[in-house]
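Me: Can you walk me through this one? Keep it short, please.
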Amino acid sequence: GLIDSGIAGPLLGSVAASRCFLAAADGAVSQAVATDDQLGHGTALAGILLQGAPAASMLNAQVFCRSLSCSAAQVAAALDW
């Protein structure tokens, strides 16, 4: 599993499941449909992981969905998922 900014492009074919974890103003975390990686960091990491294990099936837990920061609660929810 990868907890980061998401995955985009041809690497999406290696993704078994994706979720986006969003934090509300009160700190509550909700799940949504993951979007394409807008930062490129998660996609780059997924590429590195898949170079070492090309047959791997990835779980994409996107915590950098709408902003360049995330909360510990978002990361915890992603880990729990």
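Reply: First a definition: helices (H or I, at least four residues) and strands (E, at least two) are DSSP runs, numbered from the N terminus. With that, S5 is in the loop between β1 (2–4) and β2.

Me: Where do these coordinates come from, and how are residues numbered?
Reply: This is a predicted model: local features need pLDDT of at least 70, side-chain atom pairs count only at pLDDT 80 or more, and totals for chains, interfaces and linings use all residues. Residues are numbered from 1 along each chain as its sequence is written, and side-chain values use heavy atoms, with hydrogens and water left out.

Me: How many helices and strands are there?
Reply: The protein chain has 2 helices and 4 strands. Along the sequence the pattern is β-β-β-α-β-α.

Me: Back to S5. Buried or exposed?
Reply: S5 is buried, because its relative accessible area is 1%. Buried means under 20% relative accessible area, exposed over 50%, partly exposed in between (1.4 Å probe, protein chains only).

Me: What does the S5 side chain reach?
Reply: It reaches the backbone nitrogen of G42 at 2.9 Å.

Me: Where is D37?
Reply: D37 lies in the loop between β3 (29–32) and α1 (41–52). D37 counts as buried, because its relative accessibility is 9%. Its side chain makes a polar contact with the side chain of T43 (2.8 Å).

Me: New topic. How many disulfides does the structure hold?
Reply: The structure holds 1 disulfide, meaning a pair of cysteine sulfur atoms within 2.5 Å. C20 is joined to C65, S to S 1.8 Å. The pair links distant parts of the chain, 45 residues apart: C20 is in strand β2 (residues 15–23), and C65 is in the loop between β4 (58–62) and α2 (72–80). Both C20 and C65 are buried.

Me: And what about C70?
Reply: C70 is in no disulfide. The nearest cysteine sulfur, that of C65, is 8.9 Å away. C70 counts as partly exposed, because its relative accessible area is 30%.

Me: Last one. How much of the protein chain counts as buried?
Reply: Of its 81 residues, 28% count as buried.

Terms used. A polar contact is a pair of N or O atoms within 3.5 Å; within protein, one must be able to donate a hydrogen and the other to accept it, and residues adjacent in sequence count only if both atoms are side-chain atoms.
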